[in-house]
Amino acid sequence: MKRDIQHVPYGYEPPVEQRKGTLVFYDSFEHITDQELEVAAKTAADRRFTKLVLYPLHEETVRRMTKEPVSAYYKREDRLHEWKREQGRSFITVESLEGKRKKYTPLRHLLEIYSSPIFLYLTPEVANQFASYSSFEEWIVKIRLLLPAAPSSLHPRLLKFRHRWDVIGEERD
């Protein structure tokens, strides 16, 4: 077995990684406009994330969360793929694990597959729904949340963990 030996000049420092982490847009994408997708992509670029992952929820998941009818998963997923192609940005990914509908934990999958830190990009409504789950306190210490706007009313758990989420464009003290 031959080893390749590489020489570097004395005092060489590898370049500092300019981009890190993953921004995951977690939504049904039923009512999300192209303009809102643009805001998410701009946020990912401005905050120097390595990836923007679009994570469409399966219709059964959406029905359990909101009790609202939603179009078929594949239609929403196809729309996201089309939007991604139009953008021509290589750092955008459409995650299709949810379409398989196996017994799994989406957040655990995201933490295993994508580079840390993981930020969830959630609309204010989805953020409140996410905070209503009993597992919220377990997950909020492993991830952070980014919201495009402040919720009109805050779930008590969102209020309790206010230090773990930010509103885009809002300066923190």
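T50 is partly exposed, with a relative accessible area of 33%, where partly exposed covers the range between buried (under 20% relative accessible area) and exposed (over 50%), computed with a 1.4 Å probe on protein chains only. The model is predicted, so local features need pLDDT of at least 70 and side-chain atom pairs count only at pLDDT 80 or more, while totals for chains, interfaces and linings use all residues. Residues are numbered from 1 along each chain as its sequence is written, and side-chain values use heavy atoms, with hydrogens and water left out.

T50 belongs to the loop between α1 and β2, helices (H or I, at least four residues) and strands (E, at least two) being DSSP runs numbered from the N terminus. Its side chain reaches the backbone oxygen of G21 at 2.8 Å, and the C-alpha atoms of T50 and I92, which are 42 residues apart along the chain, are separated by 9.0 Å.

Strands count as paired if DSSP finds at least two bridges between them; β1 and β4 pair in the parallel sense over four bridges, with V24 standing opposite L120 of β4. Strand β5 (residues 144-147) also runs parallel to β4, the two being joined by three bridges, and the bridge partner of F119 in β5 is R144.

**Helix α4**

Which residues of helix α4 (residues 106-113) are buried? They are P106, L107, H109 and L110. These residues lie on the same side of α4 because they cover an arc of only 160° around the axis, the arc being that of the directions from the helix axis to the C-beta atoms. As a general point, an α-helix has 3.6 residues a turn, so residues three or four places apart point the same way.

**Salt bridges**

A salt bridge is here a side-chain nitrogen of Lys or Arg within 4 Å of a carboxyl oxygen of Asp or Glu, and by this rule the count comes to nine.

| Pair | N to O distance |
|---|---|
| E30 and R76 | 3.9 Å |
| R89 and E38 | 3.8 Å |
| E137 and K160 | 3.4 Å |

E30 and R76 form a salt bridge, and since E30 lies in the loop between β1 and α1 (34-46) and R76 in helix α3 (residues 73-87), the pair ties together parts that are 46 residues apart in sequence. E30 is partly exposed at 29% relative accessibility, whereas R76 is buried, with a relative accessible area of 3%. E30 and R76 are also linked with E59 in a network of salt bridges.

The salt bridge between R89 and E38 ties together parts that are 51 residues apart in sequence, because R89 lies in the loop between α3 and β3 (92-94) and E38 in helix α1. R89 counts as partly exposed at 29% relative accessibility, and E38 is partly exposed with a relative accessible area of 30%.

In the salt bridge of E137 and K160, E137 lies in helix α6 and K160 in helix α7 (residues 156-160), so the pair ties together parts that are 23 residues apart in sequence. E137 is partly exposed, with a relative accessible area of 32%, whereas K160 counts as exposed at 53% relative accessibility.

Technical notes. Polar contact = N/O pair within 3.5 Å; in protein donor to acceptor, adjacent residues only side chain to side chain.
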